[in-house]
Amino acid sequence: HKFPSYVLGWKDASGKLAMDYLVINWTQNNKILLKMALQSWMLSRLTSLGATSWMEAMQSKVQATLAEDDRVLLRELVFREACSIMKQFENVEATSILEMALWKREVESGINGAKRQAL
């Protein structure tokens, strides 16, 4: 079974993402898991929504995170930056969805109001 990608954004009781543990406990297997998780949670989502500039920025952060084999603090910093970029995108995405919903409601109200006036 496959978990939805948004599950990767959930935090535990100590405020850490599941991926935080992969970043801190760096092994070859954890590197592979982190790459798959970042691909699913961040890159695939941005690509599917056509957010090319966001995806390119995110891809460079993901590659930088995975490249830092020996420097835990730098790897954590770059990973945090990637999470921050993703959070910014989610805020923009939520605002856009809200704007579309309000626009749709306004259009539907205008159509219904025009039909009432015609009667």
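The model is predicted. Its secondary structure is simple: four helices and zero strands. Read along the sequence, the pattern is α-α-α-α. The protein has 119 residues, and buried residues make up 25% of them.

Start with helix 2. Helix 2 runs over residues 28-48, which is 21 residues. From its first C-alpha to its last it reaches 28 Å, close to the 30 Å expected at 1.5 Å a residue. Helix 2 also bends, by about 40 degrees, and the bend sits at Gln 39. Just after helix 2 comes Gly 50, which takes a positive phi of about 75 degrees.

Now look at which parts of helix 2 are covered. Its buried residues include Asn 30, Leu 34, Ala 37 and Leu 38. Trp 41, Met 42, Leu 43 and Leu 46 are buried as well. Met 36 also has its place in helix 2. Is Met 36 buried or exposed? Met 36 is exposed, because its relative accessible area is 53% and the cut-off for exposed is over 50%. Met 36 also belongs to a nonpolar surface patch, made together with Ile 32 and Leu 33. The patch covers about 290 Å².

Next comes the interior. In soluble globular proteins, nonpolar side chains tend to be buried together. The largest nonpolar core here has 23 residues. Which of them touch the most other members? They are Leu 34, Met 42, Met 58 and Phe 79. Helix 1 (18-24), helix 2, helix 3 (52-67) and helix 4 (72-118) each supply at least two residues of this core. Helix 2 gives the most, with seven residues. Two of the residues named above, Leu 34 and Met 42, are buried residues of helix 2.

Move on to helix 3, where Thr 65 has its place. Thr 65 counts as buried because its relative accessibility is 0%, and buried means under 20%. Thr 65 and Arg 75 are ten residues apart along the chain. Their C-alpha atoms are separated by 5.1 Å.

Side chains of opposite charge can pair when their charged atoms come close. How many salt bridges does a search of the whole structure find? It finds four.

Lys 31 lies in helix 2 and Asp 69 in the loop between helix 3 and helix 4, so the pair ties together parts that are 38 residues apart in sequence. Asp 69 is partly exposed, with a relative accessible area of 40%.

Glu 81 is partly exposed, at a relative accessible area of 30%. Lys 61 is partly exposed too, at 23%.

Glu 68 is buried, because its relative accessible area is 13% and the cut-off for buried is under 20%.

Finish in helix 4, at Cys 83. Cys 83 counts as buried, because its relative accessibility is 11%. Cys 83 and Lys 61 are 22 residues apart in sequence. In space they are 9.4 Å apart, C-alpha to C-alpha.

Terms used:
Residues numbered from 1 in each chain as written. Predicted model: local features only at pLDDT ≥ 70, side-chain atom pairs only at ≥ 80, totals over all residues. Heavy atoms only, no water. Expected span 1.5 Å × (residues − 1). Bend = angle between axes of the 7 residues up to and from the residue. Buried < 20%, exposed > 50% of the residue type's maximum accessible area, 1.4 Å probe, protein only. Patch = residues over 30% accessible without salt bridge, like charges linked within 9 Å, V, L, I, M, F, W, Y side chains within 5 Å. Areas by Shrake-Rupley, 256 points an atom, 1.4 Å probe, with all protein chains shown as cover. Salt bridge = Lys/Arg side-chain N within 4 Å of Asp/Glu carboxyl O. Core = buried A, V, L, I, M, F, W, Y, C linked by side-chain atoms within 4.5 Å.
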